[in-house]
Amino acid sequence: MGDVRITHLGGPTVLVEVGGWRLLTDPTFDPPGRRYRFGWGTASRKLTGPAVPAAAVGRIDVVLLSHDQHGDNLDDAGRDLLPAAGIVVTTPGGARRVGGRAHGLAPWSDLRLRAAGRPDLWVTATPARHGPPLSRPLAGAVTGFALHWAGQRHGALWISGDTVLYGGVREVARRLRVGTAVLHLGGVRFPVTGPVRYSMTGRQAVELCRRLRPHTVLPVHYEGWRHFREGRPAAERAFARAPEPVRRAVRWLPRGEPVAVEV
């Protein structure tokens, strides 16, 4: 349980393998080219397909679904995968819409995962806000996830979900000891809503990491869609200006290749 294998499949989709468990975040496996509508006049086109097709991912015990209402976090091929997963953990509203074995967690509530022959895992839902204040009618509810298990050396494995930096996310730094932070970046903007952002910029990520002080930072969900306004080069510039402990913590995951991460 010391090292965890993490595979970035593209966008927000990450496979986490630990202690015999296989957890998948925000399944997105549609091919590129399609334009997706997000509501209230917002839309985007997918530019990059997954590094690994859904059929090749293998057994999935748990899907951690930050939100179900946007095609860049749950597309058609990802939705088709859900019934074969052991359980789906998401927002309360998302659980009602997804149905089946979906569990909805309110912020700071927990779910214990148990299976024969595997260590227990705990999933804690963490606050997220997919845009500026009062944006929930447009963007809908979103959640992050903190994963805990016995023997973690550096702290929880935290997945931010699609969120901006705001008080709820800063609360994560106050309440949790985070060892590995999987951060959804991209600085999302839409023409119809002007300059406001719907996900973290590199600059916000640096500020958050100064508070979290994680051992490892893994940026994801910064490429592959037209609505992302900050790709990897912009995030790299922001991290290059960060304090040395933050710079040292950042690792850029290759797409489709398992990477061992010390947790």
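Trainee: Which residues lie nearest the centre of the second largest cavity?

Mentor: Keep in mind that this is a predicted model. The second largest cavity is lined by 13 residues. Those nearest its centre are G10, G11, K46, T48 and G49.

Trainee: What is the volume of the largest cavity?

Mentor: The search of the whole structure finds 2 cavities of 30 Å³ or more. The largest cavity has a volume of about 120 Å³.

Trainee: Which residues are closest to the centre of the largest cavity?

Mentor: The lining of the largest cavity divides into 7 nonpolar, 6 polar and 2 charged residues. Of the 15 residues that line this cavity, the closest to its centre are F38, H70, H130, F190 and Y198.

Trainee: F38 and F190 form an aromatic pair. What kind of pair is it?

Mentor: The ring centres of F38 and F190 are 6.0 Å apart, with 75° between the planes. Planes over 60 degrees apart count as edge-to-face, so the angle decides the class. The pair of F38 and F190 is edge-to-face.

Trainee: How many residues apart are F38 and F190?

Mentor: F38 is in strand β4, while F190 is in the loop between β13 and α5. The pair therefore links distant parts of the chain, and the separation is 152 residues.

Trainee: Is F190 buried or exposed?

Mentor: Buried means under 20% relative accessible area. F38 has a value of 9% and is buried. F190 has a relative accessible area of 8%, so F190 is buried.

Trainee: Which residues do ring pairs link into a cluster?

Mentor: The count for the structure comes to 6 aromatic pairs. Ring pairs link into a cluster Y36, F38, F190, Y198 and W225.

Trainee: How far from the ring centre of W108 is the charged end of R175?

Mentor: R118 lies over the face of W21, at 4.9 Å from the ring centre. The charged end of R175 sits over the ring of W108, and its distance from the centre is 4.0 Å.

Trainee: Which residues does L212 touch, not counting those up to four places away in sequence?

Mentor: L212 lies in helix α5 and is buried, with a relative accessible area of 8%. L212 and V172 are 40 residues apart in sequence but 7.8 Å apart in space, C-alpha to C-alpha. Leaving out residues up to four places away, L212 touches W158, V172, A173, V178 and A181.

Note on methods: Residues are numbered from 1 along each chain as its sequence is written. This is a predicted model: local features need pLDDT of at least 70, side-chain atom pairs count only at pLDDT 80 or more; totals for chains, interfaces and linings use all residues. Side-chain values use heavy atoms; hydrogens and water are left out. Rings of Phe, Tyr and Trp (its six-membered ring) pair if their centres lie within 6.5 Å; planes under 30 degrees apart count as stacked, over 60 as edge-to-face and the rest as tilted. Helices (H or I, at least four residues) and strands (E, at least two) are DSSP runs, numbered from the N terminus. Buried means under 20% relative accessible area, exposed over 50%, partly exposed in between (1.4 Å probe, protein chains only). A charge sits over a ring if NZ of Lys or CZ of Arg is within 6 Å of the ring centre and within 35 degrees of the ring normal. Contact means heavy atoms within 4.5 Å. On a 1 Å grid over the protein atoms alone, a cavity is a set of points where a 1.4 Å probe fits but cannot get out, and a pocket is an open set with protein on both sides within 12 Å along at least five of seven lines; lining residues have an atom within 4 Å of a point. Grid points are joined across faces, edges and corners, and a volume is the space filled by probe spheres set on the points. Ala, Val, Leu, Ile, Met, Phe, Trp, Tyr, Cys and Pro count as nonpolar, Asp, Glu, Lys and Arg as charged, and the others, Gly among them, as polar.
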